[in-house]
Each structure stands twice: as structure tokens, then as C-alpha cells.
Amino acid sequence: MENMLNKLLKMPYIVLAISIIISALFFMKMKENSRMETNLDKYMPADHPAFIYSDKAEEWFNIKDGIIIAIENPEGVYNKETLDIVKALTKRFQKMPEIEKADVTSLYTADNIVGTEDGMDVKAFYKKTPKTDEKLDELSQKVKSNEMVFGKLVSEDETVTIIIAAINDDVFTQEFYTHILETADEFKTDKIKLHVAGRPIIEGTMALLGPADMKKMVPIVLFVIILVLYLTLRSVKSTILTILVVVFSTLWAFGLMAVVNIPIYAVSTMIPVMLIAIGVADGIHLYSHLQLFMMKNPLAKKKEAVMDMIKYMWLPVIMTSVTTAVGFISLLTSQVYPIKYFGIFTAFGVLAAMLFSLTLIPAGIMIFGLPKVKAKKEKEENHKFAFNFAEKVIKYRVASMIVTVVIVVLSIVGIGKVWINSSFLDKFEKDSDIVLTDQFINSHFGGTSTINLVLDSDDKGAFKNPDVLKAVDKMQQAVVGNLELAGNSFTLTDYVKRMNKVMNADDEAFNTIPDNSDLIAQYLLLYEMSGDPENLWKVVDYDYAKLNVNFQIKSDNSKAINSVLAEIEKSKDDFEKLGVKMNYAGSGYKALIFTDLILEGQIMSLILSLIIVIILLGIMFKNIKLGFIGAVPIIITAVISFGIMGWADIALNTTTALLSSIAIGIGIDYAVHFIEQYKINSVTGDKLLTAQNTMAHSGRAILFNAVVVIAGFLVLLFSVFPPNRELGTLVSLNMFISFVGTVTIMLNLLNKTNIYFKNKKGE
Amino acid sequence: MKAIKISLILFALMITSNITINAQDLTALQIIENVYNRAVGDDMTADLKMTLTNSAGKERVRKIKQFTRDFGEIEKKIMFFVKPADIKNTSFMTWGYDEEGKDDDQWIYLPALKKTKRISSDSKSDYFMGSDFTYDDLGDRQPNQDTHTILREETINEEDCYVVESVSKDEEYMYSKTITWIIKDKWIGVKKDFYDEDDDLLKTLSVDKYEDINGFLIITHTEMKNEQKDHRTVMNLTNVKINDGISKSKFSERMMTRGI
């Protein structure tokens, strides 16, 4: 290997040219073939039972996410101006190609089931906008007396009314999103305000805001990294080459993705983050070695210096990269495809970075010459500092061990507090428009989020059975009554109760499920004859064997959804006795399950990769004990960063969960370089000196690496998008903990176990 | 004599053998009027089987016994549900008026409630009993409500047809246009395409069978398919009797409660 690398030194231009050409080819392929996958449904594992069921249920009942447009008039909604807007906007939405006509619900489209002394009417609330006060008042009374609409389409204080436009996930595009917002804007007047909310809007805003913010922040992050890299390496050439390693490896990872035709998922945007954190490490270690060599041998020729660098560094570079890559490949155990891809392509990127570090950096030095070693004095001071630091670490071993144990214990307690959040809304600032709009609608209506409970019976006609419908009604009342978060529920029972009341002269005492199953069947026939039967098929299937119960919730937060699920589950026994099974559907529920899956996969892969890393390190260093010691920085980093998340109330979500992968990548890097140096330095036979030399060499490089990446990612703290801020914090935190863990705990463990020294005695 | 308004798209038609006008000379309006003015008898008794199929392929079947009689200015109709069991003997009566602008009167009797209720629906664009037929589709539309154009002549099922496009004079009408295939000389519309407000094909009606009953041509098997929702309704008439002399008193609220 070393020979091969040395041979390459003779043809640096070819190495450089080939690197650039292949990268350029990948870049062209990327331009041609890369596409973002924004449909969240595509992220879900299609073969998971919960998703299979939910997808089926979505088809049975036409369950879709709704865009909610709230029309607010502080003077009340029952006036010509407001009602005209409702009508015009409803028609506009119905005409949009992305929206099916029947999927738009508003006061203008809603059916009003009313009772009269001698019969029943199913009518529109209005067709032509009423003008006279009398007619407007009549409309207000109609709405007020219809519990299927009042508080659902018109707020109880009568100042807000909503239009709901349900859309398929796959029709949502940036243009459509902008079009909706612009359309709503068009109808605004001085008096009347329009608010747009709903899950598609939240997802859409996130899909826009996240990348837009990143586009702004990434150049700054890179600039800071380059700057700090320059300050540590003290050489423009070295800085450029190190950055090239990162840039090229990222290009290769995304280029390969384009070649094999895999779209860019949201989590794929984490690949550059990983490659920046990991990719600069090799460069820094290489240059760090080079600088130290040159300090010792100021007269050495560049070829000599590079050959020395290769001689001592090729093995640790390969060891770290291969181990890290294997760590990422362990993400293949995840059930979620985007995560699998994330693992594979990050692993590929890491290996590409390895290749560039071993070929491009030496070639670069051969072509552009050695970096100048400036400020020699300062380096020596650094050296002294490292020596002192190593000495102190070993001296205060007991103290540092105790502190570590305390921190780890605290962290484990903190991990207990970690919670998973699949909420989209929680990713926005508390005072952002989107959150405020959501709160506004939630305060006037049942809730902007929906959970669909799907009841399933083998019995055709089960949901015409009064006992079953009564149980459903009871459960609905319990959930909405007991939980403030659950604002509304809606299903077949609401139709049946309404009709029973209306057919009995609007007597409130009949707002119940009748005891006679034939009567229920006849009511339903009656509704089909006078109303729009399409509405029925949104809550019950053709055979009356499946029922869709909608719960409206005032939050999409996982805690909220789980509390509603828990309340619903209390009725499980009741339904089981009736032969009815419970399942759930809808995007909110899927997101909840999905986040669990990601986390589960992440934890599995973390454990798996830890085992693999221990074994690999054990084999590489020919000592299983070293495998365990090498795993210490990873474990500490993972445990503490999860612990801090628990204490700081940062919820786990798809992005934050993935960040624990950084712990593996960085942890391995630090451990391997450090142990390798420790082994090389152990020839002195002096334990303290070995520690000190290692600290001066690897410790120094690790510090540089940590500082560079931390400085870069701290920039994200100034992001306007909270998830990006979390990302910055957590990456920095991971880097810092890895660094501290390596130079203190791991050093102590190496020192205490006498590893390389024991071997010597044995010889 | 004006033909009775036929509800379930049962355009019946008598071959008016004395038509001597050369087809070439017929205007589109005349063709439609010939369809409209076909004699189909004064009363009809039949068993109707209505099969609804949704996009998932699930079916619902309803069996109905129906009686229709033309009273001149009023057409009265009474239907008794036979199946499924839970709606057996539920009955439904409509009185349709020739007078323009006058809404139909409708009653329903629910045996489980033992009450007859009047129901009214907003417009003729409502779907009939969850089927793909609107009340309007089932009734006879007066020829002068639309502007008609002969598009071409075509052969369907070995029958020569006129293809006539009809565009409503009322802009608010639920269909932007309809295109009807009418068998020459028999004046039966065998196929009809309905286009929605956006001029997209919404529904297709096809007549699969018509029979000669008592000298009247009665359509006994039709299918309406909603092309946009992939939902279908098949209406199948059996035991059809024409001019059987249904009693005038049959069409009353009291009779509705009697069951079949």
C-alpha cells in the first residue's frame, strides 16, 4: 500500500487531473439527473403493516391532508362581503387542477340537514349570497342550530369561517404552494383577514424554508471552516487541498446517487454535514504530521516529508475511514429507505475522502510544494501545552474519571427524558406566522391536525348496528370530553344523530343513536336520497363494515397525538367485545410511526456499528481490549449528546436522531489516530512521555479538527430556522465531546491498562 | 299527447312508422323532439334492480318495485324498496310537474319510524339514491332548454345513429354540454356523454338493452358510469308492464305506508 502511494507521488499531475475529471463527470451527472424527493409518503417503508393499513384506509375513505383557509372578520362573518369571499374562494379552489372539486368544504358547499314540522331538508346553507339583514340572520340561525357545522366550519364566536381543501400528497409543489398563498392574499381587505394553515402548508413551508435557510448559511459555514482551517494549518495550500477533499468527496457521493438514479431525500442533506465533519479530519491529521516532521527536520526535501507522512499516516487514515464507512453501512438495518441511502452514500463519501486524502493531498504537496512552517516558536509553546495537558490528565485521573462517571450517569438520566417528536409545527419559531396562524385556528376550531381511527369489522353492516354506533359515540364523547387537545370528532354517528333529531322535530332529546337498526338503515337511505352520498363514503365504507372516525387535534406534537391515542385505546375492550378492531390512519399517525421507526433503526444501527467498530479496532490493533478502549469516545459522545438532548428538551426527530452517526464517524477518527500514535510513541518505553508525545501529535490534530468543525457549525446558531440551529448545536456538541472524551478518558484508559507497555514486558 | 316523464332513464319509444320526413331534412331540434315526444304508455309497473359499484369494485344492490303513471300535467311515481332487508318497505313517492320552475314534491315513508316525511332537495343536480344518475338525468329535459347541433352520423351496435350535441341555454346548468347518440327511426338515445363545467367528460350513459313491451320500446338495461370517480350504476328492469291500468289512488301518502 505504502509503495503504491509512493509510486503515485511520481505522477502528481495525473492524480490531480484524474481526480478533477472524475469529479467533473460526477458533477455533470448530478446536474443532469439529481432531483429532490419532497413527497413525504415516499420516505415511509411501504411494506410496514401500519403503513399498508393506513394507505389502504386513505383510499377507502379518501383521507387526505387539508389546506385550511380561515377567513376572519372581527365584525362577524354573516355579511355579504365575507360570504362572497367564502363563495368566490371556494369556487377558485374547486377549479384548481390540483384539487378535486368534491374535496373542498366550506359553508358554501356544506349540506345543511334540517328538520321541519312535516319533513326533512338537505340544503345548501346559501347559493346566492344573502343580502338583507333578515336573510343573513336566518343563515346565522341555520348554522348555529346545526352541530355538524357550528364550531366546525364557523367558529362559535362567529368571527371566523374556514374553507378546507383536501389534496393528495403528490400534487404539492412549490408553485402550487405559492399559488394558494397568492390566491388567499388576493381576497384580503382592510377588514377581512385570511389565514392559511394545515399540514400541507406546514410541510410546504418547511420544504421551502429549510433549504432556503441552508442555502444562505452553508457558504458562511464553509467560509468559517476555511478561515479556521487556515488559522490552524497556517497555509493557503493546505487549506485548499483539505477543502478539496471535502468538496470532491461530497461531489462523488451525490454524483453516485445521480448515477444510480436515487433522488435526494431530506436526510441526504445531512451527507455533506457528515463529510465536512469527517473529511477535514484526515487532511488535518496528515498536515499535522507533516508540520511536526518538518519542525524536527527543517532541512528535509518535500518528497522525503511526504513519504514520511505516508509511511506513518496511511494506516490510520485507512483504518479510520474503513471503520467509519462500516459504521455508516450499518444504517442498512434501518427499515427506512432514505436512511439506508444516507448510510450507503455517506460511507461512499467517507471512502472517497480517504482516497483523496491519500492521493490528492500528497500530489498537491508534490505540485505546489510544502506548506511553509511559520511561527515555529508558537508551535513549541503548543507542544509544551500538550505535554503539560497530558501530564495533568494522567495526574488527575481519578478526578477526571469521577467527573466522567457523574456526567455519564447524569446523561443516562437525561436519556430517560428524551422524547421523540414527529411534529412539523414544532420546528418553527414560536412567534412565526405559521405557528401563530395555527394557534389562531386552533383557538377557534377543533384543531388543525387530524387522527383517523379506522374501525374494522368482519360483519357487513356492522356500522348500522346501534350497539356498535353507540360504542363509537361513547368513545367520541370520552375523547373530546376528557382531552382539551381533542377539539372535535366526526363520523357516521354524527349523521345518524343529526337525522334522528331532525326527523323528530328538532328535539334535542333525539340527538342520539336510535335503538332500531332498521331505522338507522332507513335514515341513511334517506340521507343518500337527499344529500350528497359522497360525504358518507368519507366516514364509512360501502358495506358498512369499516368506519373512519376523524379526531381533530390542536397540535401535531407527538405527545399530543399519543395522548389522544391512549384515550382512544381505552375503548379497545368495548370494541373487541363487539368484534370491532381498531387501527389508525392518516399522515399525522404515519409520521408518528415513522419517527419511531427511524429512531429504532438508529439505535439498532448505533449498537450494531459499535459492535463492528470494537471488533474491527480489535483486529486492526490486534488486541480486543483496544477495541473497547477505542469505542469509548463513541459511547461517551453518544450517551452525553443524547443526555443533553434530554435535559435541554431537544426532541428526537429524523434529523437529530441521525446526528448520533456523527458520534461514530468522529469518535472512530479520534480514537484510531490517537491510539496509532500512542502505539508509535510507545517505543520510548516511557509511559508519560508516550502520552505527552501522542498529545502533542494526535491530540493537537484532534483539537484542530474539533475547532474547525465546531467553529463552522456554530454559525448555524444564527440560522432563522430552528432545526438548522439544533443541527449546529448538536454537531458542535458532538465534536466537542468526542474531543474531550478522547484526550482525557481514552488517554487515561490507555495509560492505566499499560497496553503497549505490557506487551513489551511480555516480549 | 305528451309522453310520461320517465324516471329511470327509461326512454321508451314507439316507432312512429308514419314518419316520412327524409332524414336529411331533420334539424337537430327535430331529432331531439322526436326522442322527447316518443309515446311510452300511460303507466308502468316494473321491478328495478339497481347495482352500484364503486372504484374499489365493491357492489351494493337495491331491489325496488316501482309504479309510474302519467296524470297529464303531473307525473306520479311510487317506489317500494324490497332489498336489502333493513330498508324493506321503505317507500318513496315523487310528483313531478310540467309547470316550469315548479319543484317536484317528494315523500319518504320510513317503516321503522312509522312516519311519512316530506323531503326536498335543492336542485335537480342531486344524485338519485347514491347512484350516478341525477334527478335531472332521470327526467325528460325539454328540448327547447338547449341548443342542439348535429355533429355527425355514426353506427353503434349496428344501428345508424345521429350524434347530437346539446348545450344548455342556462349557463348555470351542471353540464357544459351533452352528446347523444340517437338511433334513426327508433328515436332512442343509446349513448350519452355528459361534460362537466370545465368541459371534461364526466359521465357516460349507455343503453345495453331495450325491449318491445306491449308495442312500446322500453329500455330495460342501462349503465351510467362516472368517468371521473370511476363509479358505476347499472339499472335493470324486469317484469315490465305497460298500460296495465294502475289505480289513480295508488299514489298517495296512505298507500306508501302499506308496503308492497
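Chain A holds an open sheet of 4 strands, ordered 2-5-1-6, and the pairing is antiparallel. The model is predicted. Two packed helices of chain A, helix 7 and helix 8, cross at roughly 135°. Chain B meets chain A through 20 of its own residues, which contact 23 residues of chain A.

**Sheet of chain A**

- Strand 2 (104-105) and strand 6 (193-197) of chain A stand at the edges of the sheet. Each has a single partner strand, so one side of each lacks a neighbour in the sheet.
- Strand 1 (residues 65-72) and strand 5 (residues 160-167) of chain A pair over 8 bridges. The sense of that pairing is antiparallel.
- Within this pair, A:Asp65 faces A:Ile167 of strand 5 of chain A.
- Helix 4 (residues 80-95) of chain A packs on the sheet. Helix 4 touches strand 1, strand 2 and strand 5 of chain A. The direction of helix 4 makes about 5° with that of strand 5 of chain A.

**Helix 7 and helix 8 of chain A**

- Two packed helices are described by the angle between their axes and the distance between the axes.
- Helix 7 spans residues 199-233 of chain A, and helix 8 spans residues 236-259 of chain A. Their axes come within 9 Å.
- Angles over 145 degrees would count as roughly antiparallel, and 65 to 115 as roughly perpendicular. The crossing is roughly 135°, so helix 7 and helix 8 of chain A are oblique to each other.
- The crossing of helix 7 of chain A past helix 8 of chain A is right-handed.
- Helix 7 of chain A contributes A:Ile226, A:Leu229, A:Tyr230 and A:Leu233 to the contact. From helix 8 of chain A come A:Val236, A:Ser238, A:Thr239, A:Thr242 and A:Ile243.
- By class, this contact has 6 nonpolar and 3 polar residues, with no charged residues.

**Chain B as a whole**

- The secondary structure of chain B consists of 3 helices and 13 strands.
- Chain B has 260 residues, of which 40% count as buried.
- Take the contacts in chain B with a separation of 6 or more: 49% of them join residues 24 or more positions apart.

**Side of chain B that touches chain A**

- The contact involves 20 residues of chain B and 23 residues of chain A.
- Strand 5 (105-110) and strand 6 (115-121) of chain B are the elements that give two or more residues to this side.
- Strand 6 of chain B gives the most, with 5 residues.
- By class, this side of chain B has 9 nonpolar, 5 polar and 6 charged residues.

Terms used. Residues numbered from 1 in each chain as written. Chains lettered and ligands numbered in written order. Predicted model: local features only at pLDDT ≥ 70, side-chain atom pairs only at ≥ 80, totals over all residues. Pairing = 2+ DSSP bridges. Contact = placed C-beta atoms within 7 Å. Axes fitted to C-alpha atoms, helices over the stretch in contact; angles between N-to-C directions. Buried ≥ 20, exposed ≤ 12 C-beta atoms within 10 Å, placed from the backbone. Nonpolar A, V, L, I, M, F, W, Y, C, P; charged D, E, K, R; others polar. Parallel < 35°, antiparallel > 145°, perpendicular 65-115°, else oblique. Left-handed = near helix turned anticlockwise from the far one by under 90°.
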